[in-house]
Amino acid sequence: MTILLLLIAFIGFIPIPEVEACMPGYEAERDRLREHLGIEWIQNGLSKSGWTPSKSIRHSSDLNCDFSHPEKCQWKNMADEKQMDSRDFYLFEKIDYTEFPVLRVGPGPSKIQQGDKMIFVGDKKREEQHAIFYSSPINCQNSTGNLTFTYWVYNSARVEVILLEDDGRGGYKMIFDDPSEEKPYVDCGTIQLNTECHAEIPPREKPFRIGIRAYEISNTDGSFVMIDNILYSASLCKVGIDIGDNFKSNALETGATGKHVDTAAELKCDNFDSKCRWRSGGDAMVMWRRSSSILPSPLLLNATGTTVGPRGGYAVLYIEQGTQKKSLDILRSDPITCQSLTENEFTFRFWEFGQIELEACAVDLMLKDIECVPIPRGSSPANVKLTFRKATKNFMIVIRVSSLNSDFDNMVIVDDISYRATLCTDALSVFDIGDSFVSTPMLSLLLSRNVHTAQDLSCDFSKRASACLWGMLNQDEESSDIASNTWTVGHGPLNDEKLYSLTGISEMPEGEFGLAKFETGGSAVLLSEVVRCALDNVHVQFKLWTTGTAKIKVCLVEESSPSLLDCQDASSGDVVVDLPRIRRPFRVAFSAEAEDQGMVLIDDIVVTGQICPPTAAKQFSSKTFRPTADIPDPNVCRLLSCDFHLGHACLYESSQVPHSAMHGVSQRKLNAFLTRSKRVFILESPQFRLNTVARLHFDYKLQGDANLFICNDSGTKELESCFKVEGREGNDYIELLASDTKVYIISRLSESGKSGSLEISKIVFTDISDQAIC
């Protein structure tokens with residue numbers, strides 16, 4: 001009797017759209033389903049779903065569905081107009097603990113949890129009825145996929161898994177209709193209880209859909225199929241942006257903590273590491289991440305028109321299709337407490353992939369917009385430069401997505417962020433390093449004191465440098481053009497924020513320090529006591545800060561000459577200068593200069609290495625800067641002499657002019673080959689400064705149609721005004737005047753010449769008596 005009533009319930013309930021709302025006696029049949037199976041039809045339960053007509057799924061798990069939230073399931077009934085089935089599935093819910101009759105309804109479990117949902121299709125007609133429940137599109141599948149689901153059938157009804165693809169006419173066709181296509185293996189056995197339907201779906205390169213098809217519903221006593229717990233597992237082909245197989249990203253963890261920045265320069269970020277003061281916006285679903293992966297050049301070229309990509313670490317925001325803008329993270333700076341209304345400049349580089357647009361905004365601490373500037377898409381990947389005109393106090397800068405096409409994957413990369421502005425804590429002039437900053441005269445003097453070891457020249461400027469073996473020339477006793485300003489001793493404490501804004505150096509001078517200050521430009525030279533000679537590994541180390549146009553170089557000064565020689569430029573920070581081996585007495589000089597306003601601060605001078613100790617018979621006086629007119633400067637000898645034994649041209653370089661040839665060095669010889677397309681070769685000396693007349697000797701050899709000229713002072717002279725070497729091979733020389741600063745060795749083809757060559761094997765610097773100076 002129970003089975004009979006159950007059959008009546010199944011046969012009586014054949015939900016189709018017309019019957020759902022108006023079939024006479026429908027409530028009574030639904031009561032019987034509730035009584036004998038404990039399930040209840042949910043009206044319009046499948047009217048909404050996550051199924052999409054054209055957007056491919058991103059992950060195989062997107063097709064998982066237990067019908068607890070049918071509006072999210074990416075499955076739906078085949079539309080009637082497709083004419084591929086005759087019935088639809090409908091949503092039911094288990095409302096009590098009634099067990100299914102295991103001998104008649106299976107192979108799914110007989111015990112179902114209250115509240116569980118499943119889909120149902122049935123009929124009692126003699127004619128074959130069938131229904132198709134099919135998925136959102138799958139772009140392609142790399143390997144064999146697995147589809148499983150729980151199902152129940154009654155009275156000869158059956159179920160199978162089919163594959164569908166677009167037929168090109170707005171409809172679908174079953175793939176197994178094509179004999180060339182591989183069929184999925186389907187096992188929907190009905191023998192054992194609690195058996196799932198399992199289908200192995202072969203790899204496919206073309207887009208397809210999966211369908212669950214109920215069929216052989218053709219029993220006049222009634223038959224049905226119920227489906228639940230659909231699970232799909234497969235390795236899908238890439239449906240997003242190709243960013244390379246080796247691309248990796250990590251959570252964006254930087255040094256940004258929400259603490260205000262002290263200088264605009266702190267917002268510079270080119271690696272997104274612990275020094276970066278930018279961070280993600282907060283609790284968004286799609287977050288900014290950090291990557292240092294190198295992007296494939298073809299990808300960059302297709303997306304941006306150039307193969308130039310980000311370097312080092314960069315911030316990346318990957319946005320999967322279907323993501324809404326409100327779910328996206330923002331990239332924001334640490335806050336700026338106060339900035340002046342003077343000009344500011346915010347710059348960064350970005351790369352966009354897909355259909356996406358950005359904007360940069362100044363926002364208050366509650367993320368409310370103060371002003372926003374849209375970023376043109378065409379700017380990628382060039383530097384973006386923009387200015388904020390309304391933000392002055394307690395604000396942050398954010399980079400965010402302003403619009404995107406969510407039908408596709410999108411990605412944006414940001415790198416090389418910098419910000420230039422005058423904050424309220426910034427220095428107002430090149431001299432503004434704190435209200436407590438003062439300077440006083442330096443007490444150290446050049447007193448002809450002996451320098452026994454390199455360490456004797458160390459100086460931290462304490463006690464106004466009174467114990468330092470450094471000083472300035474006594475301008476009252478001897479005139480010299482190397483010192484037009486004076487060095488003083490500076491005292492603090494300094495304002496670290498202002499000094500950092502001027503120098504970019506976070507470390508501050510400790511205690512007293514050396515200071516050269518220029519109000520209207522000029523120079524100032526700080527000299528050491530005389531060192532007899534430098535032997536091995538002599539290094540001068542010191543800490544340096546420069547402001548404005550001021551700069552400094554470390555030079556050597558001959559004991560007998562006021563000229564600065566062998567100068568090396570120094571940059572702010574910790575400086576180390578290596579001194580060459582010097583066999584004659586010399587001084588070390590700190591030569592500071594400025595074209596306009598500026599300051600040079602030095603501290604903690606440390607000199608190391610081996611020097612010659614003084615002799616008991618002689619000390620070197622600070623008043624010995626008297627040039628010897630007939631002895632050329634030996635430092636110039638070091639600059640100009642060359643025997644090419646190291647395989648290069650010493651300090652000589654090839655000057656690049658139109659149609660100029662290059663040189664090579666081998667077997668202690670310099671060679672240059674001239675042709676009709678490379679008609680001239682110019683070998684340029686380093687810049688030097690002479691103190692008297694000297695000679696420059698050279699061994700040469702000319703071949704073919706090449707001629708040789710030696711020009712002093714200027715390589716732009718007409719060759720006719722230079723010294724022409726008349727011979728074709730041998731040794732010759734040119735006299736250098738005290739005013740000369742450069743020498744050019746020039747070889748050129750004759751007017752009608754076709755080819756030729758120049759060979760130089762030795763260059764020697766001597767005095768006018770041909771005596772070697774080095």
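Okay, let's start with a term: a salt bridge here is a side-chain nitrogen of Lys or Arg within 4 Å of a carboxyl oxygen of Asp or Glu. With that in hand, look at Arg-58, Glu-320 and Asp-409, which are linked in a network of salt bridges.

Before going on, some housekeeping. This is a predicted model, where local features need pLDDT of at least 70 and side-chain atom pairs count only at pLDDT 80 or more, while totals for chains, interfaces and linings use all residues. Residues are numbered from 1 along each chain as its sequence is written, and side-chain values use heavy atoms, with hydrogens and water left out.

Let me walk you through a few of them.

One of them joins Asp-123 and Arg-87, whose closest N and O atoms are 2.8 Å apart. Asp-123 sits in strand β5 (residues 117–123), and Arg-87 in the loop between β2 (75–77) and β3, so this pair, 36 residues apart, links distant parts of the chain. When I say strand, I mean a DSSP run of E with at least two residues, numbered from the N terminus. Both Asp-123 and Arg-87 are buried. Buried means under 20% relative accessible area, exposed means over 50%, and partly exposed is in between, with a 1.4 Å probe and protein chains only.

Next up, Arg-400 and Asp-369: here the closest N and O atoms are 2.6 Å apart. This pair also links distant parts of the chain, with Arg-400 in strand β24 (residues 393–404) and Asp-369 in strand β22 (residues 369–375), 31 residues apart. Is Arg-400 buried or exposed? Buried, because its relative accessible area is 19%. Asp-369 has 39%, so that one is partly exposed.

Then there's Lys-669, whose side chain meets that of Glu-759 in a salt bridge (3.6 Å, N to O). Lys-669 is in strand β39 (residues 669–675) and Glu-759 in strand β46 (residues 755–766), 90 residues apart. Lys-669 counts as partly exposed because its relative accessibility is 33%.

Now, on to sheets. Strands of a sheet pair through backbone hydrogen bonds, either parallel or antiparallel. For us, two strands pair if DSSP finds at least two bridges between them.

There's an open sheet of 5 strands with antiparallel pairing, in the order β37-β40-β45-β42-β43. Which strands are at the edges? They're β37 (653–654) and β43 (723–725), each pairing on one side only. Over at the β43 end, β42 (residues 706–712) pairs with β43 in the antiparallel sense over 3 bridges. Leu-708 stands opposite Val-725 in β43.

Another strand to find is β29 (residues 513–518), which is mostly covered: 5 of its 6 residues are buried. Strand β28 (residues 487–491) runs antiparallel to β29, joined by 4 bridges. β29 also pairs with β36 (residues 598–611), again antiparallel, over 5 bridges. Keep an eye on Leu-515 in β29: it is the bridge partner of Thr-488, and it stands opposite Leu-601 in β36.

Last stop, the surface. Val-102, Leu-103 and Leu-193 make a nonpolar patch of about 340 Å². Patches are made of residues with over 30% relative accessible area and no salt bridge, joining like charges within 9 Å and nonpolar side chains (Val, Leu, Ile, Met, Phe, Trp, Tyr) within 5 Å. The areas come from the Shrake-Rupley method with a 1.4 Å probe; for residues, only the protein chains shown count as cover. Leu-103 lies in the loop between β3 (90–94) and β4 (106–107), and it counts as exposed because its relative accessibility is 81%.
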